[in-house]
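Morning, everyone. I have one model to walk through today, and I will keep it brisk. Please have a look at it first.

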Amino acid sequence: MSRPTADRPITLERIESYLPERCVRIEEMGERLGLRRAELGVFRKFYGLDTLRFDPELPLLDLLRPAARAALAALPEGGRVDYLAYAHTTQAVAPADVDIAQLVGEDLGLGDTEAFGLSHQACVSSLGAIEVLGELLRAEGGEGAYALMVTGEQAYSPIVQHVPNTAIMADASASCLITLDGDGDVVRSFAARTLGEYAQWLELTAEQNTEFGEQYGTRIAEVIHQALTEAGVTLDEIDLVIPHNVNKLAWRQTIKVLQVAPEKVFLDNVPRFSHTFASDVFVNYTTLRDAGRLVDGAHYLLVSVGLGATFGAMVITHRAGGEA
Amino acid sequence: MSSAGIDKVRDWILGRHPDRTELAADVDLIESRLVDSLAFVELVYTIEDAAGVEIDFDTIDIEDFQTLATIEKAFFA
């Protein structure tokens with residue numbers, strides 16, 4: 001569906017993430033989420049969850065600001081941010097008359113930047129926003145044009161926080177400064193597929209949930225292979241899969257379908273941070289980068305799945321030159 | 001010879017899959033999706049009911065639920 005490598009490639013100049021300090025064990029969420037002992041045990045032992053970051057006292061802008069500012073700090077002299085996309089999973093993250101994208105822009109000193117929200121690919125919206133911003137830069141951006149993707153939201157209600165039999169959502173934010181033909185990581189492809197028959201999110205029937213579960217590994221593998229083909233690389237040439245943190249069991253199924261070595265999928269953050277909406281892949285990217293595990297010139301596969309249901313995969317080639 | 005407890009677990013799984021009449025002890029229940037994510041909690045309660053004790057989640061792992069054989073070893077031995 002995409003042509004990220006057409007004409008001028010999108011480059012990710014700086015990726016940053018932020019996690020609130022308040023850390024809780026999933027058992028501490030039991031009362032809030034109405035989860036019984038056995039359900040928490042299943043989340044811990046079957047799905048591989050342990051702790052997560054959750055701070056209901058933290059204003060949304062305070063959650064978004066640190067990652068966005070850190071990414072924006074990579075804007076070179078003479079560069080300007082033409083677009084800001086606030087990508088989010090939950091459609092309503094604020095009252096209807098509050099435009100979070102605009103507020104984030106003003107908070108960052110980008111009051112004149114064209115700011116807008118994106119949410120229709122749920123947790124894939126952050127990857128999708130990179131493609132949208134890249135297309136806008138191709139269409140309208142001139143010399144020195146940049147764009148900022150901001151993502152992050154809070155599990156502000158139990159309905160938002162608990163995806164039954166699947167995930168316990170957690171707080172985090174991430175941001176990515178992008179341009180065309182820059183020195184950062186090169187976006188080689190982005191593939192996404194939305195299965196609209198699952199659009200009812202949490203209102204699906206048991207039969208639909210079972211069907212979705214049966215198809216999950218195959219569907220995600222299809223999108224991954226599409227992204228690999230469009231990037232012109234094989235799965236063997238991918239250094240690491242940088243995944244979503246929904247749960248370990250979903251990846252166990254996917255790893256089997258992909259026939260990839262389990263150690264090639266970075267799952268260390270699932271028990272640490274749980275599923276942070278559309279921030280997962282960028283939180284995991286920064287963990288790996290800060291640990292020195294991203295290799296200059298190596299290919300990485302970012303994979304996310306959103307309720308609704310969207311599957312997304314992006315192949316990037318890391319370039320260490322721009323790292324501070 | 002299997003215990004009465006594991007027979008209850010087997011009967012519960014077979015009851016969810018009317019197309020099946022047998023379930024070997026080494027069949028992977030999770031990979032085969034005989035027990036899927038919608039039924040994990042029910043599986044826990046079925047085992048607890050059959051064993052007559054609450055499962056201590058600090059001492060078990062997902063592998064203990066992998067097959068009837070591992071369930072029997074972990075909870076009914």
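How many bridges join β10(A) to strand β13 of chain A, and which way do the two run? There are eight bridges, and the strands run antiparallel. Before I go on, a caution: this is a predicted model.

Let me stay with that strand. β10 of chain A covers residues 185-194. Its partner β13 of chain A covers residues 310-317. One pair to click on is A:Ser189, whose bridge partner in β13(A) is A:Val315.

β10(A) also pairs with strand β1 of chain A, residues 10-18. Here two bridges do the joining, and again the run is antiparallel. Look for A:Thr11, which stands opposite A:Val186 in β10(A).

Is β10 of chain A mostly covered or mostly open? Mostly covered: eight of its ten residues are buried. As a reminder, side chains in a regular strand alternate between the two faces of the sheet.

Next, the helices of chain A. Start with α3, residues 60-72, and α4, residues 100-107. Their axes come within 10 Å and cross at roughly 55°. Because of that angle, α3(A) counts as oblique to α4(A). The crossing is right-handed.

Which residues meet there? From α3(A), we have A:Leu60, A:Leu61, A:Leu64, A:Arg65 and A:Ala68. Facing them from α4(A) are A:Ile100, A:Leu103, A:Val104 and A:Asp107. By class, this contact has seven nonpolar residues, two charged and no polar.

On the α7(A) side, the contact uses A:Tyr216, A:Gly217, A:Thr218, A:Ile220, A:Ala221 and A:Ile224. On the α8(A) side, it uses A:Ala250, A:Gln253, A:Thr254, A:Lys256, A:Val257 and A:Leu258. The classes here are seven nonpolar, four polar and one charged.

In total, 16 residues of chain A are in contact with 14 residues of chain B. Which helices of chain A each supply at least two residues of the side that touches chain B? They are α2 (37-45), α7 (206-231) and α8 (248-258). The largest share, six residues, comes from α2(A). By class, the chain A side divides into five nonpolar, six polar and five charged residues.

So much for the count; now a closer look at α2(A). Buried residues in this helix are A:Leu40, A:Gly41, A:Val42, A:Phe43 and A:Lys45. What covers them? The cover includes α1 (30-33) and β8 (167-168) of chain A, along with α2 (40-51) of chain B.

Last stop, chain B. Find B:Glu22, in the loop between α1 (4-16) and α2 of that chain. Is B:Glu22 buried or exposed? Exposed, because it has 7 other C-beta atoms within 10 Å, and the cut-off for exposed is 12 or fewer. For orientation, compare B:Glu22 with B:Asp61. In sequence they are 39 residues apart. In space, C-alpha to C-alpha, B:Glu22 and B:Asp61 are 26 Å apart.

That is my tour. Questions, please.

How values were computed
Residues numbered from 1 in each chain as written. Chains lettered and ligands numbered in written order. Predicted model: local features only at pLDDT ≥ 70, side-chain atom pairs only at ≥ 80, totals over all residues. Contact = placed C-beta atoms within 7 Å. Helix = DSSP H or I, 4+ residues; strand = E, 2+ residues; numbered from the N terminus. Nonpolar A, V, L, I, M, F, W, Y, C, P; charged D, E, K, R; others polar. Buried ≥ 20, exposed ≤ 12 C-beta atoms within 10 Å, placed from the backbone. Pairing = 2+ DSSP bridges. Axes fitted to C-alpha atoms, helices over the stretch in contact; angles between N-to-C directions. Parallel < 35°, antiparallel > 145°, perpendicular 65-115°, else oblique. Left-handed = near helix turned anticlockwise from the far one by under 90°.
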